[in-house]
Amino acid sequence: MLRALRRRLALLLALLSALVLTLVAAAGLWLAWQQQTQASDLVFRSRFAALCDQLAVADLVTDGWLAARQLELGGVLDLTDGGRPVHFSVRQRQDADLAALLDQAEGAALAAGLDPDAPAGEEPRQVDYTVTEPGGARWRGITAVLPRGGGALRLTALQPLALVGPGWQLTLLAYGGLWLAGLAGLAAVSWLGAGRMLAPTRRAWQRQNEFVAAAGHELRSPLAVIKASLAAAEDPALPEAQRRGFLHTAQREADRLARLTGDLQLLAAGDAGALTVRPGPVAADTLCIEVYEQFYLLARAQGRRLTLQLPEAPLPPLVTDGGRLTQLLTILLQNALDHTPPGTPVELTLQPAPGRLRLRVIDHGPGIPDDRKEQVFDRFFRADASRTRKENFGLGLSVARELARGLGAALTLADTPGGGATFTVDLPA
């Protein structure tokens, strides 16, 4: 499913990027076309001006010379004297289409203010215009009246507006090649970008699948014990004491299952951002004393020494959820008692720090290797499955970190000097 989503996302990114690239390429191509057109128009005007200068001083104008100039111009030349075609004229060749085009050009020049019947002055007169053939092709045109020998010559030059020079095909090929290369690059970048964008989703999906699989595995064990114990307790042939023992086992596993369900619900609420926290004024030292008294007898029964260290100075006010904080400290203390050898001391400390209160649960057990310090907060993680108690699902520390997040606190793990593990909770004061 994620792969299909990645394909759709990559396609969407590629299409959007291709649209932008196409617009940019089209804008660049239009600017190049304008530059080519302007350059072609400048060349056309320059050649026409040079031709006018040459006609003004030439003693003899031949058809061959005019034919060469027309080839350079890339259009049509027409020369008349007193309205009569002379020399290289399409009218003399009876080319009806070009003759009609020249008639149209003559009308455009007259409309632009160039009267060929006006007396010739000392300076040439010329006008620029555009004409359109019946087929729709547009031509740029220049007509000039040139004084010569007491009379006047009229020179007309026409060039197709679509003529932008031989380099235009190369420009189109270059833009097309760059556009295709850009599309290929954008497709690759979109595929990689979609994969990078979906990486958190993929990790979350994988984590969820692992979580569901592990939860199902953990749920099967107590359910199997409950089912077997209840089936055995229904056997009337068993002594009453043995039947009560089976019922006690079923009750114990039901309580264990309830704890697991509660932990799973808390983690699910944390993942959904719906963990309930009810902040209020909390006396941190009193809360620590209550938690200490709750675990003191248990630690003593296990042959461990549990100590509590509180500051002598008054503590800054603390606004937090006292029930959630108690739950967090309970998990950390239970974890310390579960994973340290008998006779090992465990400490609960409370210290003020700038802008916060710092709670520590310190044990002096075997400690946790550096490469596993983050793994211990993973769900269903057991550092040593062979030494883990049956009641431990491997959810305690992950629940503790979720509780810390809900309280706006930071839960960190460090080594205890001399050996052991120290869990620190930094609460905003």
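This is a predicted model: local features need pLDDT of at least 70, side-chain atom pairs count only at pLDDT 80 or more; totals for chains, interfaces and linings use all residues.
Which backbone oxygen lies 3.0 Å from a polar atom of the side chain of Arg304?

View A. The backbone oxygen in question belongs to Leu337, 3.0 Å from a polar atom of the Arg304 side chain. Arg304 is buried but forms no salt bridge. Asp338, the nearest side chain of opposite charge, is 6.8 Å away. Leaving aside residues up to four places away in sequence, Arg304 is in contact with Ala299, Leu337, Thr340, Pro341, Pro342, Gly343 and Thr344.

**View B. The largest nonpolar core, comprising 47 residues.** Leu328, Leu332 and Phe423 touch the most other members of this core. Two or more residues each are supplied by α5 (240–271), α6 (284–301), α7 (322–338), β9 (346–353), β10 (356–363), α8 (396–406), β11 (410–415) and β12 (421–428). The greatest contribution, eight residues, comes from α7.

**View C. Contacts of Leu332.** With residues up to four places away in sequence not counted, Leu332 touches Val361, Leu397, Ala400, Leu411, Phe423 and Val425. Another core, of 16 residues, lies apart from the largest one; its members include Leu51, Leu79, Leu146 and Leu155.

**View D. Strand β1 (residues 76–81) and its pairing partners, β5 and β2.** Five of the six residues of β1 are buried, leaving the strand mostly covered. Strand β5 (residues 151–160) runs antiparallel to β1 and is joined to it by six bridges; within this pairing, Leu77 stands opposite Ala157. Strand β2 (residues 84–85) is likewise antiparallel to β1, with two bridges between them. Asp81 has Arg84 of β2 as its bridge partner.

Conventions: Residues are numbered from 1 along each chain as its sequence is written. Side-chain values use heavy atoms; hydrogens and water are left out. A nonpolar core is a set of buried Ala, Val, Leu, Ile, Met, Phe, Trp, Tyr and Cys residues joined through side-chain atoms within 4.5 Å. Buried means under 20% relative accessible area, exposed over 50%, partly exposed in between (1.4 Å probe, protein chains only). Helices (H or I, at least four residues) and strands (E, at least two) are DSSP runs, numbered from the N terminus. Contact means heavy atoms within 4.5 Å. Lys and Arg count as positive and Asp and Glu as negative; His and the chain ends are not counted. A salt bridge is a side-chain nitrogen of Lys or Arg within 4 Å of a carboxyl oxygen of Asp or Glu. A polar contact is a pair of N or O atoms within 3.5 Å; within protein, one must be able to donate a hydrogen and the other to accept it, and residues adjacent in sequence count only if both atoms are side-chain atoms. Two strands pair if DSSP finds at least two bridges between them.
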